[in-house]
Amino acid sequence: MVRNLDQFEQLKARGYLGEEIVIGEGVALDLPAATAASRALAGAIDWIIFMVGMGISFFFFIRYANAFFLSPAVIRVALIGILALWVWLIPALTCGLTRGSSVGKFITRTRVVRADGGIITFRHAFIRATIGIFEVYMLQGVPAFIAIVFSKRGQRFGDMLADTYVVRWPKRRSFELDIPMPDSMQAWARTAHTHDVPGGLLLNIVSHFKAIPTLTDQARQQQARLLAAAAEQYVSPAPPWGTPPEDFLAALLVIRNHVEFTRSQLSRERQRRALTAVNRLPYQPAVR
């Protein structure tokens with residue numbers, strides 16, 4: 001597939017910055033990567049929190065270590081354990097449990113995602129944290145910052161090895177936007193089927209609706225046509241000929257909202273039935 005440079009530059013000029021994604025009809029879209037400044041700020045916030053926590057842990061341990069008559073060797077091992085806890089284990093667990101977030105990332109509205117835009121796992125979090133010991137703590141973050149500035153997707157070395165990167169996270173999720181189903185799309189929506197739409201494309205569509213008040217009419221129509229052309233391959237049947245691009249995009253968001261909500265409801269119902277079935281099983285104590 002040949003990348004359409006003109007369309008890519010048009011989208012990029014309108015604020016769609018970050019990782020380039022090339023999809024149907026040669027249309028290039030972007031999953032917005034976090035800037036080096038926002039990543040540095042998030043990292044500084046997390047570093048301060050971890051350093052304060054580690055300092056408090058050291059203070060109380062040293063204060064009460066003598067009360068337990070610990071040997072110098074045990075004290076050294078414990079101090080190394082506290083250090084590892086705050087510079088490796090806690091950062092990794094925080095990132096894994098929050099699915100790519102932290103206090104600093106929450107404040108700067110950024111998040112770690114997989115290279116394909118999906119949610120990270122604990123494996124990704126621990127790889128990032130392990131490499132972070134060397135490039136962030138031992139080397140004062142210099143190689144990490146250089147890699148973020150010069151890499152294509154703003155990745156530090158831990159991101160490159162874990163196959164992740166940090167994106168700008170929207171303030172509200174797409175299905176929380178107050179976008180109604182256009183009247184002209186009601187009949188089509190009742191028979192339309194959608195495939196799973198890439199997260200980057202949905203994020204660009206949401207960004208378009210958020211940016212409408214700041215766009216000129218020409219820019220608004222141009223972006224809507226590009227996004228509609230990219231999204232059309234994920235629906236069947238195609239929208240009626242002559243449908244305004246923004247009406248189609250709004251209908252697509254409403255449909256995906258309904259699909260995801262229905263999936264969530266079904267998943268919770270299956271979990272409830274499974275839990276009920278397990279609770280009904282007769283209890284049989286283990287035989288020793």
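In which loop is Gln 140 found? In this predicted model, Gln 140 is placed in the loop between helix 5 (122-138) and helix 6 (142-150). Its phi is near 60°, a positive value in a residue other than glycine. Gln 140 counts as exposed because its relative accessibility is 65%; buried denotes under 20% relative accessible area, exposed over 50%, and partly exposed the range in between, with a 1.4 Å probe and protein chains only. Residues are numbered from 1 along each chain as its sequence is written, and side-chain values use heavy atoms, with hydrogens and water left out. Because the model is predicted, local features need pLDDT of at least 70 and side-chain atom pairs count only at pLDDT 80 or more, whereas totals for chains, interfaces and linings use all residues.

The secondary structure of the chain comprises 11 helices and 6 strands, where helices (H or I, at least four residues) and strands (E, at least two) are DSSP runs numbered from the N terminus. Of the 288 residues, 38% count as buried. Contacts, defined by heavy atoms within 4.5 Å, were also examined by sequence separation. Among those with a separation of 6 or more, 67% join residues 24 or more positions apart.

Two further backbone features lie in loops. Arg 99, in the loop between helix 3 (72-97) and helix 4 (103-108), has a phi near 60°, again a positive value in a residue other than glycine. The peptide bond from Ser 236 to Pro 237 is cis, with omega near -5°; Pro 237 is located in the loop between strand 6 (235-236) and helix 11 (245-280).

Helix 2 (residues 36-65) has 30 residues and spans 42 Å from its first C-alpha to its last, close to the 44 Å expected at 1.5 Å a residue; the expected span is 1.5 Å times one less than the number of residues. Its buried residues include Ser 38, Arg 39, Ala 42, Ile 45 and Asp 46, as well as Phe 50, Gly 53, Met 54, Phe 61 and Ala 65. Ile 48, which lies in helix 2, is partly exposed, with a relative accessible area of 48%. The C-alpha atoms of Ile 48 and Gly 104 are 9.7 Å apart in space, although these residues are 56 apart in sequence.

Pockets were identified on a 1 Å grid over the protein atoms alone, as open sets of points with protein on both sides within 12 Å along at least five of seven lines; a cavity is instead a set of points where a 1.4 Å probe fits but cannot get out, and lining residues have an atom within 4 Å of a point. Of the 32 lining residues, the closest to the centre are Arg 39, Gly 43, Lys 105, Val 136 and Arg 156. Helix 2, helix 3, helix 5 and helix 6 each supply at least two lining residues, and helix 2 gives the most, with 9. The lining divides into 19 nonpolar, 8 polar and 5 charged residues; Ala, Val, Leu, Ile, Met, Phe, Trp, Tyr, Cys and Pro count as nonpolar, Asp, Glu, Lys and Arg as charged, and the others, Gly among them, as polar.

The largest nonpolar core has 25 residues, and those with the most contacts inside it are Trp 188, Leu 201, Ile 205, Phe 209, Ala 231, Phe 248 and Leu 249. Such a core is a set of buried Ala, Val, Leu, Ile, Met, Phe, Trp, Tyr and Cys residues joined through side-chain atoms within 4.5 Å. Helix 8 (186-191), helix 9 (199-211), helix 10 (217-231) and helix 11 give two or more residues each to this core. Helix 11 gives the most, with 7 residues. Apart from this core lies another, of 8 residues, among them Phe 50, Met 54, Phe 61 and Trp 86.

Helix 11 has 36 residues and reaches 53 Å between its first and last C-alpha atoms, close to the 52 Å expected at 1.5 Å a residue. Its buried residues include Glu 246, Phe 248, Leu 249 and Arg 256, and the elements covering its buried residues include helix 8, strand 5 (193-194), helix 9, helix 10 and strand 6. Glu 260, also in helix 11, counts as partly exposed at 35% relative accessibility. The C-alpha atoms of Glu 260 and Asp 196, 64 residues apart along the chain, are separated by 9.7 Å.
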